[in-house]
Amino acid sequence: MEEGVENPAKDIMDTEGLLSINLSDFHVSQRVGFLLEKPLAELPAYFEPWNQVCSRMPELVMQHRLRQEVDKMDVLDHHKLQGYRQLRLAHLQLSFISAGYIWQDGDKGVPEKLPRCLAVPWCGLSKTLGIQPVLSHSDLVLANWTTVDPDSPLALENLRCFYTLPGGGEADWFITVTVQMELDFAAALKPVVSALKYAENSNAEKLKICLTQITDVVRKMKNSLERMHDNLSADTFYNTLRPFLTGWGGEGSPLPEGLVYEGVSDTPIQMNGGSAAQSSTLQTLDATLGIVHSEDKQDFLKKMRMYMPPDHRHFIETLEQRSKIKDFVKSCSCQALTAAYNDCVTAVVVFRSYHIQIVTKATSVNLRTVPQAGKLEHTSQSST
């Protein structure tokens with residue numbers, strides 16, 4: 001069955017008689033995680049204007065000609081798209097084109113309205129897919145990847161993106177390294193689901209093994225993130241790439257009231273820009289491990305879920321409802337299990353802190369006090 005837009009989760013009984021989570025119900029894959037399986041590179045001929053402008057987006061932006069090309073475009077009927085993958089690709093293309101249209105000239109002369117030829121189909125697709133009309137992680141990364149050689153392993157050097165942003169090879173590298181981290185995380189999905197079952201079944205030994213496997217995956221993700229420095233300079237990221245990942249609306253924005261989507265709403269609409277918090281990976285771990293953030297950060301992370309594909313959002317919510325891992329570790333007298341849990345939480349904190357260092361160009365981040373909030377002290381069952 002083709003990957004759909006909405007597909008309610010179904011709990012199934014596993015061989016041990018425990019409720020189990022079926023990843024395919026959430027359109028999550030053990031092979032590629034939250035990435036879209038076999039995404040498309042081009043739309044049918046009717047949508048060739050979108051194919052062409054999106055593929056030329058970096059060039060047209062650098063020439064300050066993208067708006068001229070968009071102004072020549074007709075309003076295409078997005079209802080002619082067939083199948084989930086065409087819908088995702090069309091949303092991706094309109095997201096790239098719209099980002100270029102808004103930020104072509106930087107934060108000077110930013111248009112207050114998005115033309116009907118972009119706004120109407122983009123918002124229509126957003127409603128159908130359940131994701132927001134802005135360039136976000138689901139477009140930039142999840143539906144924007146393929147392999148150079150399909151017969152070779154899924155590794156960083158064998159990845160490429162279909163569409164890119166201004167910045168040349170450095171922009172490509174930014175996208176493909178992020179794709180690689182999503183691929184890395186795929187290996188955590190089986191132990192995540194198994195860990196829920198073992199906590200429900202009070203199986204400390206098997207739960208410890210799952211937590212160790214998850215820790216190894218998070219450390220591998222950090223190793224991939226460290227590769228970002230290989231081919232991406234801070235100057236290119238901040239001055240060339242990052243502006244196109246900016247949303248609209250709020251204090252400090254060139255569009256403080258938001259953006260008017262012509263033919264959709266006469267009232268400006270505010271949107272957050274692309275953010276790593278829109279990836280389902282770490283929020284999956286938060287839900288699995290019972291990690292709780294400060295109220296303002298928790299509110300922000302939940303807001304970012306609205307930029308995820310709905311099924312991925314539902315997956316995280318299901319984990320939040322089901323996971324008894326933290327409570328079981330607290331109640332268990334197994335010191336090795338407590339240590340494995342704390343190692344896993346620390347790996348997540350270290351990854352997040354390293355990511356913050358990259359984004360903020362900070363020279364140091366104090367890690368010593370942060371992990372303690374999520375760690376558990378070992379207590380025996382006889383303790384009060």
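Here is a short chat about a predicted model.

Modeller: A word on the ground rules: residues are numbered from 1 along each chain as its sequence is written, and side-chain values use heavy atoms, leaving out hydrogens and water. In this predicted model, local features need pLDDT of at least 70 and side-chain atom pairs pLDDT 80 or more, while totals for chains, interfaces and linings use all residues.

Colleague: Happy with that! How far apart are the end C-alpha atoms of helix α4?

Modeller: Helices are DSSP runs of H or I with at least four residues, numbered from the N terminus. The expected span is 1.5 Å times one less than the number of residues, so the 20 residues of α4 (residues 84-103) should span 28 Å. The model agrees, with the end C-alpha atoms 29 Å apart.

Colleague: And how many residues of α4 are buried?

Modeller: Buried means under 20% relative accessible area, with a 1.4 Å probe and protein chains only. Helix α4 is mostly covered, and the count is 20 of its 20 residues.

Colleague: What kind of aromatic pair do F237 and Y238 make?

Modeller: Rings of Phe, Tyr and Trp (its six-membered ring) pair if their centres lie within 6.5 Å; planes under 30 degrees apart are stacked, over 60 edge-to-face, and the rest tilted. That rule gives eight aromatic pairs. For F237 and Y238 the centres are 5.1 Å apart and the planes at 80 degrees, so the pair is edge-to-face.

Colleague: Nice. Is F237 buried or exposed?

Modeller: Its relative accessibility is 11%. On that value, F237 counts as buried.

Key. Helix = DSSP H or I, 4+ residues; strand = E, 2+ residues; numbered from the N terminus. Buried < 20%, exposed > 50% of the residue type's maximum accessible area, 1.4 Å probe, protein only.
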